[in-house]
Amino acid sequence: MTVWVRGDQLTRRRGPLADRPGERVLFVEAASFAEKLPYHPHKLTLVFSAMRHLRDDLRQAGRPVDYRRVETFEAGLRDHFTAHPEDTLVAQRPQTDGARQRIEGIVADAGGSVEFVPDERFLCSPERFDEWAGDDGTYRHEEFYRMLRRETGYLMADGDPVGGEWNYDDQNRETPPDDWEAPEAPAFEPDETTREVAAWVAERFDGGYDEPPFGGDWADPETFRWPVTRKEAVEALDHFVTHRLAEFGPYQDAMLGDEWALAHSLLSTSLNLGLLGPSEVIERAIAAYEDGDAPLNSVEGFVRQVLGWREFMRHVYRREMPELATANQLGANEDLPELYWTGETEMACLSDVVDGVRKRGYSHHIERLMILSNFALLYGVEPAQLNRWFHAGYVDAFHWVTTPNVVEMGSYGAGVFATKPYAASANYVDGMSDYCSGCPYYKTKTTGDGACPFNALYWDFLDRNEDQLRSNHRMGLVYGHVDDKSEGELDDIRERADEVRAMAREGSL
Ligand code: SF4
């Protein structure tokens, strides 16, 4: 038997690498897989560098490792089974049954077989989720999160949530004072292996895509900063818990033009590659609370992200694919504006956030939801196109992550767990950020010259989707405001929204 380590399942301390210490290890580095999308160069560098570092660490520890650099997975597996006829591979389970069947087919065609074992990057097993969720096809995150809190005992005391509340969101919507300085974000300097990978990525993946890739000067390896080894990932966790966690909670929904990371954890790449496990990061955060080093609102907010949302999204994806990938219940059919690739827009908020994605392959959660997804939702972008962009652009993105987050939560594509669209006008952006004061658009204007594009698009979105949204009881208040608008005002709004879309298509927004 051979342990097959796939590129995003680099878990070493648990799972098949730990359970089968004497066995051969196989990595397949398939270049053509990385050409499926115009991925951010840092994303490719991250995954390939992390794979090669684990290869080297295992070899240094005396493990026999076959590292196959090939064009396709098929070729890599054929090579493996030629060298080891009728071998059986042991790998962590992929995210969906469809993916499992595809992989089993490829392995069988190559002349061997594969056994799947649990995916150690998550805490809640598929069986437990299915037992909890039943068959009705709708899911409520809050109930799932509370179930997992009870079962794990995290932040629980005598069967009740520590502090008496399940969440402290009301303490987590602050914007930092003017003189606040964000703790410096950790950056892990690329070593020789990472530089070698970055050079190969630049050479191999430069161009050849239909869309402008997240490449060119923005792909400078000098700006690559993400942990690529277990040791670096643990350092990143230490850094977060020591320097950032205390302020994470209150400022988790804030957006500042000069602070791309604020006090966010920046641990998603390590969690999603398996360099860190969910229980260790949760337990470190809880220990900081118990030691008096971080307040409960920060720690609960972080635990909710990792134990709640991350686990929840993984299972919604597993159960709702393949339909979720193309879900589009609002019938949104606009193409994604080019500015998502180029960052070329006068809109201060959108321009800054897209620039951050181009530079680093990263923006924090609230920028993803309330700037990038919100604008696309209001504009009427087809959810699958936005999903593709997120999947290509972010260093921590995998299809299982982006699809429920972007298609469902951001685009209200399916209605399987989102109870209403996350739609907001400039009023929200202004309240949670410092963007509007430096923007050439007027945040308080809805129509006419220089009116903030979010505003007309917001009312136009509600107007266009009235048949589906008005009956939603969570939208009642909002439609009360729509009713306050005269038909003449709505005509002006529709005209301005069309104008905004035309400007976006022309590249003059
Ligand atoms: Fe964004 Fe509108 Fe504010 Fe400008 S005015 S920063 S476009 S929300």
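Biologist: Why are α19 and α21 called roughly perpendicular to each other?
Modeller: This is a predicted model, and every value in it is computed. Helix α19 (residues 453-464) and helix α21 (residues 476-483) pack at an angle of about 105°. Angles of 65 to 115 degrees count as roughly perpendicular. Therefore α19 and α21 are given that name. Their axes are 11 Å apart.

Biologist: Which residues of α19 and α21 meet?
Modeller: From α19 come Tyr-458, Trp-459 and Leu-462. In α21 they meet Val-478, Tyr-479, His-481 and Val-482.

Biologist: Why is the pair of Phe-390 and Tyr-394 called stacked?
Modeller: Two tests apply. The ring centres are 5.2 Å apart, and a pair needs them within 6.5 Å. The planes are 25° apart, and stacked means under 30 degrees. Therefore Phe-390 and Tyr-394 are a stacked pair. The whole structure holds 27 aromatic pairs. One aromatic cluster consists of Phe-129, Trp-132, Tyr-139, Phe-144, Trp-309, Phe-312 and Phe-417.

Biologist: How do you know whether Phe-390 and Tyr-394 are buried or exposed?
Modeller: Buried means under 20% relative accessible area. Phe-390 has 3%, so it is buried. Tyr-394 has 1%, so it is buried too.

Biologist: What makes the charged end of Lys-43 sit over the ring of Phe-398?
Modeller: The distance to the ring centre is 4.8 Å. The limit is 6 Å, with a further limit of 35 degrees from the ring normal. The charged end of Lys-43 is listed as sitting over the ring of Phe-398.

Biologist: Why is helix α17 called mostly covered?
Modeller: Ten of the twelve residues of α17 (residues 399-410) are buried. They include Trp-400, Pro-404, Glu-408 and Met-409. The cover includes α9 (268-273), α11 (296-320), α12 (323-326), α15 (365-379) and α16 (383-393). After α17 comes Tyr-412, with a positive phi near 50°.

Biologist: How do you know that Val-303 is buried?
Modeller: Its relative accessible area is 0%. The cut-off is under 20%, so Val-303 qualifies. Val-303 lies in helix α11. Beyond its neighbours within four places in sequence, its contacts include Tyr-145, Arg-149, Leu-155 and Ile-286. Ile-286 is 17 residues away in sequence and 8.2 Å away in space, C-alpha to C-alpha.

Biologist: What makes the phi of Leu-155 and of Leu-262 worth a look?
Modeller: Most residues other than glycine have a negative phi. Leu-155 has a positive phi near 55°, and Leu-262 has a positive phi of about 40°. Leu-155 is in the loop between α6 (141-152) and β6 (156-157). Leu-262 is in the loop between α8 (230-248) and α9. At 5%, Leu-155 is under the 20% cut-off and so counts as buried. At 1%, Leu-262 is buried as well.

Biologist: Which peptide bond is cis, and what is its omega?
Modeller: The bond from Met-321 to Pro-322 is cis, with omega near 5°. Most peptide bonds are trans. Pro-322 is in the loop between α11 and α12.

Methods. Residues are numbered from 1 along each chain as its sequence is written. This is a predicted model: local features need pLDDT of at least 70, side-chain atom pairs count only at pLDDT 80 or more; totals for chains, interfaces and linings use all residues. Side-chain values use heavy atoms; hydrogens and water are left out. Rings of Phe, Tyr and Trp (its six-membered ring) pair if their centres lie within 6.5 Å; planes under 30 degrees apart count as stacked, over 60 as edge-to-face and the rest as tilted. Buried means under 20% relative accessible area, exposed over 50%, partly exposed in between (1.4 Å probe, protein chains only). Helices (H or I, at least four residues) and strands (E, at least two) are DSSP runs, numbered from the N terminus. Contact means heavy atoms within 4.5 Å. Axes are lines fitted to C-alpha atoms, for helices over the stretch in contact, and angles run from 0 to 180 degrees between N-to-C directions. Angles under 35 degrees count as roughly parallel, over 145 as roughly antiparallel, 65 to 115 as roughly perpendicular and the rest as oblique.
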